[in-house]
2 protein chains.
Amino acid sequence: MSLNKYRFAMDEIQKFREYIREKGLRNTPERELIIEEIFSNHDHFDAEGLFLRLRNKMKRVSKASVYRTIPLLIECGLIKEVYFEDGHLHYEHIYGHRHHCHLRCICCGSVVEFADDRIPRLQNQIGKKHDFLVTSHRFEILGYCSECAPGQGMQGTCRPSGRGHAGNQG
Amino acid sequence: MSLNKYRFAMDEIQKFREYIREKGLRNTPERELIIEEIFSNHDHFDAEGLFLRLRNKMKRVSKASVYRTIPLLIECGLIKEVYFEDGHLHYEHIYGHRHHCHLRCICCGSVVEFADDRIPRLQNQIGKKHDFLVTSHRFEILGYCSECAPGQGMQGTCRPSGRGHAGNQG
DNA sequence: ATATTTATTGAGACTCATTATCAATAATAC
DNA sequence: GTATTATTGATAATGAGTCTCAATAAATAT
């Protein structure tokens, strides 16, 4: 882990500690290990994978604690859900990503991140119109990546989407 | 079921029959019962609820058949996934809805549909930019509805989100 | 009509992600 | 240091969704 990354994780741990204190909860080494692990990597992750990464590094944290910590991190805004695929949720942490959305291949599952200034504007206008206090949005565009586009021959590599079906959207 | 609604469902069943034929599959009364039930109602639905609705109307269709039919209906574009909440996916059928997105209250779970002409345009521009053949999108705005907005007193009615956590998004 | 082929069905077993249980432990407040 | 009580880990329980398999029934050919 680079010095930089470590410093970033420290900032996030600090934010988490404050949140915990405000809620009258308790700070624990297990929770800090989980946050450090999340912020040591910029990829999307899921609960099981996170648990295994910790275990492989000999950080003893139970699966139950991983599952219990994720909602706390969501509540304090350090991570967010990005999509439901293969029967479970996938998350990402907020550091070092400007706010962005996802373009996802419905064939091979590959994901491209994108950002567009018009999206937050749209979000706010629509929220105002319907009298919602908007906190966030999720914009996901689905289709075929260049590798998987029909008629390009690469379709054999596409895996069927697993449990929960990540299928088409109108 | 009004005459009108019945006619609509027939159109959809027709579309489904063609899809089934093209794929070399077989049409069955169970599948037709499932489609009729879906199109008899304009609300969002989930697999379990659909199964129970059928059962309450004494239409004998097994849960397995419900689960097996849903992906077929997604593939042929008659229904689509709208969100993952309370540990499972929720769907809607396409009839009588122009394409729209959802504004969802992260507190009480209420959903408002909205449509905006700028969204499909955005989708296409972004798809082109990243060399994706776009088929669809899902734009979900999260926040607090007017009933649940912080500082408005109604927060006691908010239910915690269940399994899978429908929590905040950046 | 009848026979043939094979997709579909239903019941229930199974998988696997997530949550609940509970006794032991350990943060925090006093 | 003691009391209070949130948290932990191990594991049981839950529940959504899938698989299995023998029986059934569409579609098609005869």
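Me: Which atom of DNA strand D does the side chain of Ser65(A) approach?
Reply: Start with the general idea: a polar contact is a pair of N or O atoms within 3.5 Å; within protein, one must be able to donate a hydrogen and the other to accept it, and residues adjacent in sequence count only if both atoms are side-chain atoms. Here, an N or O atom in the side chain of Ser65(A) is 2.4 Å from a phosphate oxygen of DNA strand D. Please keep in mind that this is a predicted model, where local features need pLDDT of at least 70, side-chain atom pairs count only at pLDDT 80 or more, and totals for chains, interfaces and linings use all residues. Side-chain values use heavy atoms, without hydrogens and water, residues are numbered from 1 along each chain as its sequence is written, and chains are lettered from A and ligands numbered from 1 in the order in which they are written.

Me: What do Ser62(A) and Arg26(A) do at DNA strand D?
Reply: Ser62(A) has a side-chain N or O atom 2.6 Å from a phosphate oxygen of DNA strand D.

Me: Which element gives the largest share of the surface near DNA strand D?
Reply: Helices (H or I, at least four residues) and strands (E, at least two) are DSSP runs, numbered from the N terminus. The largest share comes from α4(B), with three residues.

Me: How does the surface near DNA strand D divide by class?
Reply: Ala, Val, Leu, Ile, Met, Phe, Trp, Tyr, Cys and Pro count as nonpolar, Asp, Glu, Lys and Arg as charged, and the others, Gly among them, as polar. This surface has five nonpolar, seven polar and nine charged residues.

Me: And which residues come nearest to DNA strand C?
Reply: Tyr67(A), Arg26(B), Arg31(B), Ser62(B) and Ser65(B) come nearest, out of 21 residues around it. Phosphate oxygens of DNA strand C lie 2.6 Å from a side-chain N or O atom of Tyr67(A), 2.8 Å from one of Thr28(B) and 2.5 Å from a polar side-chain atom of Arg31(B).

Me: How many residues does each chain bring to the contact between chain A and chain B?
Reply: Contact means heavy atoms within 4.5 Å. Chain A and chain B bring 49 residues each. Buried area is the accessible area (1.4 Å probe) that two parts lose on being put together, summed over both; for these chains that is about 4600 Å², with 61% from carbon and sulfur atoms.

Me: How many salt bridges are there between the chains?
Reply: A salt bridge is a side-chain nitrogen of Lys or Arg within 4 Å of a carboxyl oxygen of Asp or Glu. The count is two, including one between Glu140(A) and Arg138(B) at 3.5 Å, N to O.

Me: In which sense do the β5 strands of the two chains pair?
Reply: Two strands pair if DSSP finds at least two bridges between them. Strand β5 (residues 133–144) of chain A pairs with β5(B) in the antiparallel sense over 11 bridges. Phe139(A) has Phe139(B) as its bridge partner.

Methods: Near = heavy atom within 4 Å.
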